[in-house]
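Reader: I have some questions about the terms used for this model. Please set each one against its cut-off.

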Amino acid sequence: MPSRSSAPLPIPRALELVRTLVRGSGARRVVIDGRSGAGKTTLARDLVASWPGAQLLSLDEVYPGWGGLREGAALACALVLVPHAERRRGDYRRFDWVDGTFAGPLLEIDPDRPLVVEGCGALTAVAAGLADASAWLDGDADRRRERALARDGDGFAPYWDMWAAQEEAHIRREAPQELAALALTTC
């Protein structure tokens, strides 16, 4: 059973709890999942910034467009998490949201450095089996939407409902809030 926050927490407090989990577990691989606008990206970036040598894969880099939550999570697992767990180099190309293709240079994930993977859909049963530490973030729906649209602007607004439906399908299919070592509500 995951540890749960009893009241909504500000992101800095959630970060403290995740850092404590990571330190206590001796983690090399951390997976952070949650609903859009819950603070996953902010928390993951802050965690990586405070963890010497850590590298970050944001699922935003591998979702193949607005309808690709499930596929992006599967790509992250196959291309990055599995090789890292096997102490092999992982690699991927970023998805170009304008052109609708995977483009640019091949980006490498070093198996000898800690890894944080964050994004909606990141925590599946397979990913949980590969992660040394994991967290699920959620929050008030109106507040999350406000935060996400302020961050991503008009580009996200037309897709909010479609994305939320994919999040719901992921939650029903994988129960990431139950797989996570730490389940937090953010404010």
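Author: Start with E61. This glutamate touches L56, Y92, R93, R94, F95, F102 and L107, leaving out residues up to four places away in sequence. The model is a predicted one.

Reader: Why is E61 called buried?

Author: Buried means under 20% relative accessible area. E61 has 15%, so E61 counts as buried. E61 sits in the loop between β3 and α3.

Reader: What makes the pair E61 and R94 a polar contact?

Author: The limit is 3.5 Å between N or O atoms. The side chains of E61 and R94 come to 2.3 Å. That value is within the limit, so the pair qualifies.

Reader: How do you know that the length of α5 agrees with a helix?

Author: Helix α5 covers residues 141–152, twelve in number.

Reader: Which residues of α5 are buried, and what makes them a face?

Author: The buried ones are R144, R147 and A148. Down the axis of α5, the buried residues fall within an arc of 95 degrees, so they line one face.

Reader: What does the buried side of α5 pack against, and what does the face turned away carry?

Author: The buried residues of α5 pack against α1 (11–25), β7 (133–139), α6 (160–174) and β8 (182–186). The face turned away carries D142, E146 and A150, which are exposed.

Reader: Why is D140 called a cap of α5?

Author: A side-chain oxygen of D140 lies 3.2 Å from the backbone nitrogen of D142. The cut-off for a polar contact is 3.5 Å, so this pair is within it. D140 caps the N-terminal end of α5. After α5 comes G153, with a positive phi near 65 degrees.

Reader: What makes the buried residues of α2 a face?

Author: Helix α2 (residues 40–49) buries K40, T41, L43, A44, L47 and V48. Seen down the axis of α2, they fall within an arc of 165 degrees, so they line one face. R45 and A49 are exposed on the face turned away. The cover over the buried residues of α2 includes α1, β2, β3 (55–58), β6 and β7.

Reader: Why is strand β2 called mostly covered?

Author: Six of the six residues in β2 (29–34) are buried. R29, V31 and D33 are on one side; V30, I32 and G34 are on the other. Both faces are covered.

Reader: How do you know that β2 pairs with β6 and β7?

Author: Pairing needs at least two bridges. β2 and β6 (115–118) share four, in the parallel sense. β2 and β7 are joined by five and also run parallel. Both pairs therefore meet the cut-off. V31 has V117 as its bridge partner in β6, and V30 stands opposite A133 in β7.

Reader: Which residues have the most contacts inside the largest nonpolar core?

Author: They are L57, L59, L81, Y92 and V117, in a core of 30 residues. Helix α3 (69–85) gives the most to this core, with six residues. Apart from this core lies another, of 22 residues, including I32, L43, W51 and A135.

Reader: What is V117 in contact with, neighbours within four places aside?

Author: V117 contacts V30, V31, I32, L57, L59, L81 and A122.

Notes: Residues are numbered from 1 along each chain as its sequence is written. This is a predicted model: local features need pLDDT of at least 70, side-chain atom pairs count only at pLDDT 80 or more; totals for chains, interfaces and linings use all residues. Side-chain values use heavy atoms; hydrogens and water are left out. Helices (H or I, at least four residues) and strands (E, at least two) are DSSP runs, numbered from the N terminus. The expected span of a helix is 1.5 Å times one less than its number of residues. Buried means under 20% relative accessible area, exposed over 50%, partly exposed in between (1.4 Å probe, protein chains only). The arc is that of the directions from the helix axis to the C-beta atoms. Contact means heavy atoms within 4.5 Å. A polar contact is a pair of N or O atoms within 3.5 Å; within protein, one must be able to donate a hydrogen and the other to accept it, and residues adjacent in sequence count only if both atoms are side-chain atoms. A nonpolar core is a set of buried Ala, Val, Leu, Ile, Met, Phe, Trp, Tyr and Cys residues joined through side-chain atoms within 4.5 Å.
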